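Welcome! Please take a moment with the sequence and the model before reading on.

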Amino acid sequence: MARPHFAPGSRVTFPVRNRSGIQGLDVYLGSRLGVVTPWARDLLARGHVRLNGTPANADTAINLSAGPHEIEVYFPVDWPRHMAATAMDLDVVYEDDVLLVINKQPGIVVHPARGHLDNQTLLNGVRHRYQERLAFADTTIGSPHRLDKDTSGAIVFALRRDVYVDLVEQFTHARPHKEYLAILDGSPDFDSLVCDRPIGPDPEHKGRGTIVPVADGGKTARTDFTILERGTGGALARPVPHTGRPHQIRTHAARRGPPIAGDRDYNPAPERHGLARQGLHAAALTFRHPVTGRDLRVEAPLAGDLREAVDRISDGRGDGDA
């Protein structure tokens, strides 16, 4: 049975699938809509759900085997509350009818998550750009990959459901070719390097990665590093990740050395080179266009703060704190 489409301001009625057992309506509704249970509970608490014509609430249970049942849902324009369309400046590097690629600025998270429910994420901005399309049943606005809050560069958004599914499949299996630019804090002893150390969660620092043997739960990870420029106290490198582990480039750079400049999680002296965030930028992406089937390469110009840091390193001012 097709998943109900929750377009802002719309009203949808759909039958309940017959199964055995009794289930909370919040859990059932969340499953049918494909959203987390708290989102469904919010709809119920606001009086926007009716079960068999009767208003339902967050405590309503549904006997799945005693049907038929019918659910009616009104989706207000501000739901989900932390997915509101929010006007913001977007640096667009590619756009067509089904895809958008943005040069993400540092300091903004990609999508709503715990601690970032203020409607100021990149997804909120993209939803605003295409807010008139949200009412169409085939519209899905979402990114198949992620960049850390303080990493800048190219990030893709799908605008259609089938395109999103296709891109998720590509990125899940590391098919896109990704090229980054990284400012290394120190003079590397290599011109090119393949780092294939497995990565797992750091037990001493929640949210960080570290090198963990596969036998102990680490996942295979490979990053190729090429040095592009050298200067005083630092270098500009091109990391190419062949797997997509969280914090992969930052973890590999820190373990092999030198670490990424400005990285407050993995660099013991992040204040060098005058960066307020890690010197990491997603410079280029190449992936198969889900509609045309052709390879699409998109490039995102280096962010201004990183360009200035590279210039400082090149002209001999890169070893200080300014």
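## Ground rules

This is a predicted model, in which local features need pLDDT of at least 70 and side-chain atom pairs count only at pLDDT 80 or more, while totals for chains, interfaces and linings use all residues. Residues are numbered from 1 along each chain as its sequence is written, and side-chain values use heavy atoms, with hydrogens and water left out.

## The chain as a whole

Let us begin with the overall picture. The chain holds 6 helices and 18 strands; helices (H or I, at least four residues) and strands (E, at least two) are DSSP runs, numbered from the N terminus. Along the principal axes, the C-alpha atoms fill a box of roughly 75 × 45 × 40 Å.

Of the 322 residues, 48% are buried. Here buried means under 20% relative accessible area, exposed means over 50%, and partly exposed is in between (1.4 Å probe, protein chains only). The accessible surface of the chain is about 15500 Å², and carbon and sulfur atoms account for 48% of that surface. Such areas come from the Shrake-Rupley method with a 1.4 Å probe, and for residues only the protein chains shown count as cover.

Contacts (heavy atoms within 4.5 Å) also say something about the fold. Among those between residues at least 6 apart in sequence, 65% join residues at least 24 apart.

As for charge, the chain has 40 positive and 40 negative charges, and their mean positions lie 5 Å apart. Lys and Arg count as positive and Asp and Glu as negative, with His and the chain ends not counted. Each charge is placed at NZ of Lys, CZ of Arg, CG of Asp or CD of Glu.

## Salt bridges across the sequence

Side chains of opposite charge can pair when their charged atoms come close. A search of the whole structure finds 21 salt bridges, each being a side-chain nitrogen of Lys or Arg within 4 Å of a carboxyl oxygen of Asp or Glu. Three of these pairs are set out here.

| Pair | N to O distance |
|---|---|
| Asp-185 and Arg-272 | 2.7 Å |
| Arg-256 and Asp-189 | 2.9 Å |
| Arg-208 and Asp-265 | 3.6 Å |

Asp-185 and Arg-272 meet in a salt bridge. This pair links distant parts of the chain, with Asp-185 in the loop between β11 (177–184) and β12 (192–195) and Arg-272 in the loop between α5 (248–256) and β17 (280–288), 87 residues apart. Asp-185 counts as buried because its relative accessibility is 9%, whereas Arg-272, at 21%, counts as partly exposed.

Arg-256 lies in helix α5 and Asp-189 in the loop between β11 and β12, so the pair ties together parts that are 67 residues apart in sequence. Asp-189 is exposed, with a relative accessible area of 62%, while Arg-256 is partly exposed at 34%.

Arg-208 is partly exposed at 26% relative accessibility, and Asp-265 is partly exposed at 32%. Salt bridges that share partners join Arg-208 and Asp-265 with Asp-148, Arg-250 and Asp-263 into one network.

## Backbone details

Most residues other than glycine have a negative phi, and most peptide bonds are trans. Where does this chain have cis peptide bonds? One runs from Trp-79 to Pro-80, with omega near -10°, and another joins Gly-257 and Pro-258, with omega about -5°. Pro-80 is in the loop between β6 (70–74) and β7 (92–95), and Pro-258 is in the loop between α5 and β17.

His-273 is also found in the loop between α5 and β17. Although not a glycine, His-273 has a positive phi of about 75°, and this residue is buried at 1% relative accessibility. Asn-52 is not a glycine either, yet has a positive phi of about 55°. Asn-52 lies in the loop between β3 (49–51) and β4 (54–55) and is partly exposed, with a relative accessible area of 43%.

## A residue in helix α3

Is Asn-124 buried or exposed? Asn-124 is buried, with a relative accessible area of 0%, and lies in helix α3 (residues 122–129). Leaving aside residues up to four places away in sequence, Asn-124 touches His-82, Met-83, Ala-84, Ala-85, Thr-86, Pro-112 and Asn-119.
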